[in-house]
Amino acid sequence: MAGQPDCKREPKRLVTQVVGPAEGISAAAALLAAGEVVALPTETVYGLGAAALEASACAKIFEAKDRPLSDPLIVHLPSRDWLDQVAEVCETASRLAEHFWPGPLTLVLPRRSLVPDLVTAGEETVAVRMSSHPIFQAVLQAYGKPVAAPSANRFGRISPTSAEDVVAELGGRIPLVLDGGPCAHGVESTIVLVREGELHILRHGPVTAEELARFGTVRGRVAGISAPGGLASHYAPRTPLVIGEAHAAAEHLRKWHHATGGTGVPPVLVGGRCSVSAHGFPRSEIWDGTAAIPPASPTPVPPVDLLAGDRPSVRVGLLSWRSAGKGFQHVEFLSKTQDLREAAANLYGAMRRLDAAGLDLIIAEPVPETGLGAAIMERLRKAAAR
Ligand code: TXA
Ligand code: MG
């Protein structure tokens, strides 16, 4: 279609400046006013912002991220007053905004015509939120209008939770990263579609289902609404990742290598999906290491630790929830005190470091699926799906 950005074209190389808030706030506001993109810290993850009401500015977001035009953007508001200008606001939505804003809750509501089609990807709804991050708020106050901002990563990759992460994703493609330090929550906002007084959680996040239940019946996805980051595979490290218990995974790998003499990652893991339950998790999603072990080995398996050997035949990393991670080549701990908030804040950084460690496989331990655990498990499942 004429006038649409060509996302396949390599965006022109820019010098990406990283600046702190002292000089960055006015510089970011000026870039937004000039129709440019700029990476900004929010309380969830870093966003790549552009003038939400200017289609040509928002087009640069899609271009920098290699994002398909079918994936709509979240509109971030400078103040609650803007909400009625961009969306039709029902009583339930109004109460949610009143209670949770500014904060990590995105509302999907019927749109108004002020919002460009490019932002909503032609949908009749618009996603809106108000960030509580003081630097983000200061930029929006200085700019004075809504800012469209997806997470500041290339499409399908792990969301950035620090300025360095943004540079790793988008360096050379954007002019400015405003450095506000690490993000407090570390996972993206909860997205809720409000319809007929019911709340449909399209993406789990820092505002939990339990908290939302006070404002209406909480339901899952709705037929016909493409879920955010709708693809099964998203938030993906390049290294294959499976969800499983560390001890069981290590045992499986040891047996597999012994029984087959094979090297590398056991084929059953390459597709990402394994089976069998542990700690009460659904059988189809959590791997306890017993799936697809080759026929029983005629000789007892010697007690060698293949993972820790001098020349390991497979390099395996662990994203640990509760294990010490003995024998793994690289271990990242979500939270040594099993605190789900700390785990969420560490999740993406830990996934990035594991991905950079030159591993053949990442084992991610499941976390309890209550409160913020639902958001963490949703990301791990997407990282595991290929
Ligand atoms: O925490 C966050 O929400 C971060 C920060 C920067 O605000 N933003 C963020 O944006 O995560 P993004 O684009 O990476 O994820 C937003 C998701 C997308 O997967 C998109 O498909 C979905 O929201 N979305 C946007 N508008 C929608 C709509 N009208 N209906 C359903 N889903 C929508
Ligand atoms: Mg994203």
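Me: Which residue lies over the face of Phe333, and at what distance from the ring centre?
Reply: A charge is taken to sit over a ring if NZ of Lys or CZ of Arg is within 6 Å of the ring centre and within 35 degrees of the ring normal. This is a predicted model, in which local features need pLDDT of at least 70, side-chain atom pairs count only at pLDDT 80 or more, and totals for chains, interfaces and linings use all residues. Side-chain values use heavy atoms, without hydrogens and water, and residues are numbered from 1 along each chain as its sequence is written. The residue over the face of Phe333 is Lys336, and the distance is 4.6 Å.

Me: Where does Pro102 lie, and what is omega for the peptide bond from Trp101 to Pro102?
Reply: Helices (H or I, at least four residues) and strands (E, at least two) are DSSP runs, numbered from the N terminus. Pro102 lies in the loop between helix H4 (91–100) and strand S5 (105–110). The bond from Trp101 to Pro102 is cis, with omega near -10°.

Me: Is Ala121 buried, partly exposed or exposed?
Reply: Ala121 is in the loop between helix H5 (117–120) and strand S6 (125–129), and its phi is positive, about 55°, although it is not a glycine. Buried means under 20% relative accessible area, exposed over 50%, and partly exposed in between (1.4 Å probe, protein chains only). With a relative accessible area of 23%, Ala121 is therefore partly exposed.

Me: What is phi of Glu196?
Reply: Glu196 belongs to the loop between strand S9 (190–195) and strand S10 (198–203). Its relative accessibility is 78%, so Glu196 counts as exposed. Phi of Glu196 is positive, near 50°.

Terms used. Chains lettered and ligands numbered in written order.
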